[in-house]
Amino acid sequence: MRIVIDDNSGFCFGVVRAISEAEASLKRCGEVYSLGDIVHNRVEVQRLETLGLSSVTHADMESLAGRTLLVRAHGEPPHTYRRAKELGIEIIDATCPVVARLQRRVREAYAYMSSVGGRVVLLGKRGHAEVIGLTGQVYDDVTVVEGLEDIDSLDFSHPIHLLSQTTQSIELFNTLANTIRERMDEGVEFIVTDTICRRVAGREPLLADFSKSVDLVLFVCGKKSSNGKVLSEVCRKANPRCYNIEEPSEIEPEWLAGVESIGICGATSTPRWLMEQVAERVAALCQCCIE
C-alpha cells in the first residue's frame with residue numbers, strides 16, 4: 001500500500017502567523033488568552049492549551065483586565081478593540097493581513113453604497129468569526145448570503161456591491177455574481193469584488209488532482225472548520241471514497257480494505273504534524289510504509 005501526504009495541505013499563512021504570535025507571547029507572558037479558538041482544529045487547540053493558551057469569549061473580557069488577549073486570524077470588529085482598551089487589556093493582533101484588507105474594503109464599499117442608496121452583500125457563513133468581524137466594521141449593516149437560495153431577499157432595483165468571506169468557494173462566488181447580475185434592473189450599478197484568498201482557493205484544483213491520484217482520501221480537519229467543509233467537498237467530488245476525520249483514532253480499519261493507495265490531506269487549519277500522525281496510524285493498521 002502507498003500512503004501519501006499532500007504537500008499543498010496544512011496551515012495557511014494567516015494561521016501560521018497567528019500561532020507563531022501566540023507561541024512567542026506565551027514565552028514572554030506565560031499566559032495568554034485567545035478570543036475564541038485560535039484555529040478551528042481541536043487537536044491543535046489542545047496542544048497550545050498545554051503551553052498556556054486559554055480560549056475565552058467576549059463575555060469573559062470583563063475578567064481579563066491587565067492581561068494579554070490574542071485576536072486570532074479571523075479578525076474582530078472595532079468595538080472589541082475599544083472594549084479591550086477600556087478594560088486595560090493588552091491586545092496581540094494576529095488578524096490575517098488578507099482579512100484586514102477585506103475589512104477595509106467592506107468599510108469602503110459601505111461608504112459608497114450608503115451614498116447611492118445601495119447595499120453591501122457578503123457571501124459568507126452566518127455566525128462565522130470572520131464574517132462577524134467583517135459585518136461589525138459597518139454596524140452589522142450588511143446582507144450576508146450563504147448561497148443562491150438567499151438572494152431572493154435582495155432588492156435588484158438598487159445598487160449592490162458583492163464581496164466574499166476569504167475562504168469561500170470561487171465557483172460559488174462566480175455563480176452568485178452571475179445570477180445577481182442577470183437579475184439586476186437595467187442600468188442599476190452592480191459591483192463585484194472577488195475577495196477570496198487565493199492562497200486558500202488555489203488549493204482547490206491541487207486537492208482535486210491529489211484526490212484523483214489515490215484510491216482513498218482521508219481529509220483531516222476540525223469539525224468547526226468552514227474552510228474544511230469547502231475543501232473536503234472538493235476532494236469528495238474528485239474521489240467519492242473520501243472520509244473526514246479529526247484525529248487518527250477515528251480511522252475505521254474497514255475503510256482501508258482492498259485499497260492500494262491512500263492520500264492524506266487537510267484544511268488550512270490542519271497542522272502538518274496531525275496529518276503525519278494520521279499517516280502513521282494508517283501505516284500501523286496496514287503494516288506498510290509512508291512515502
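I take helices (H or I, at least four residues) and strands (E, at least two) as DSSP runs, numbered from the N terminus. The model is predicted, so I require pLDDT of at least 70 for local features and 80 or more for side-chain atom pairs, while totals for chains, interfaces and linings use all residues. I number residues from 1 along each chain as its sequence is written, and side-chain values use heavy atoms, with hydrogens and water left out.

Entry: T268. I find T268 in the loop between β12 (261-266) and α10 (272-286). Not counting residues up to four places away in sequence, T268 touches (heavy atoms within 4.5 Å) G10, F11, C12, V15, V200, R203, N227 and L231.

Entry: α8 and α9. I looked up the axes, which are lines fitted to C-alpha atoms over the stretch in contact, with angles running from 0 to 180 degrees between N-to-C directions. The axes of α8 (residues 203-212) and α9 (residues 226-238) come within 8 Å and cross at roughly 40°. I note that E204, L207, A208, S211 and K212 in α8 meet V230, L231, V234, C235 and A238 in α9.

Entry: nonpolar cores. I define a core as a set of buried Ala, Val, Leu, Ile, Met, Phe, Trp, Tyr and Cys residues joined through side-chain atoms within 4.5 Å. The largest core has 21 residues, and I38, L53 and L70 have the most contacts inside it. To this core α1 gives the most, with five residues. Leaving aside neighbours within four places in sequence, I find L53 in contact with A22, L26, V32, Y33, S34, I38 and L48.

Technical notes
Buried < 20%, exposed > 50% of the residue type's maximum accessible area, 1.4 Å probe, protein only.
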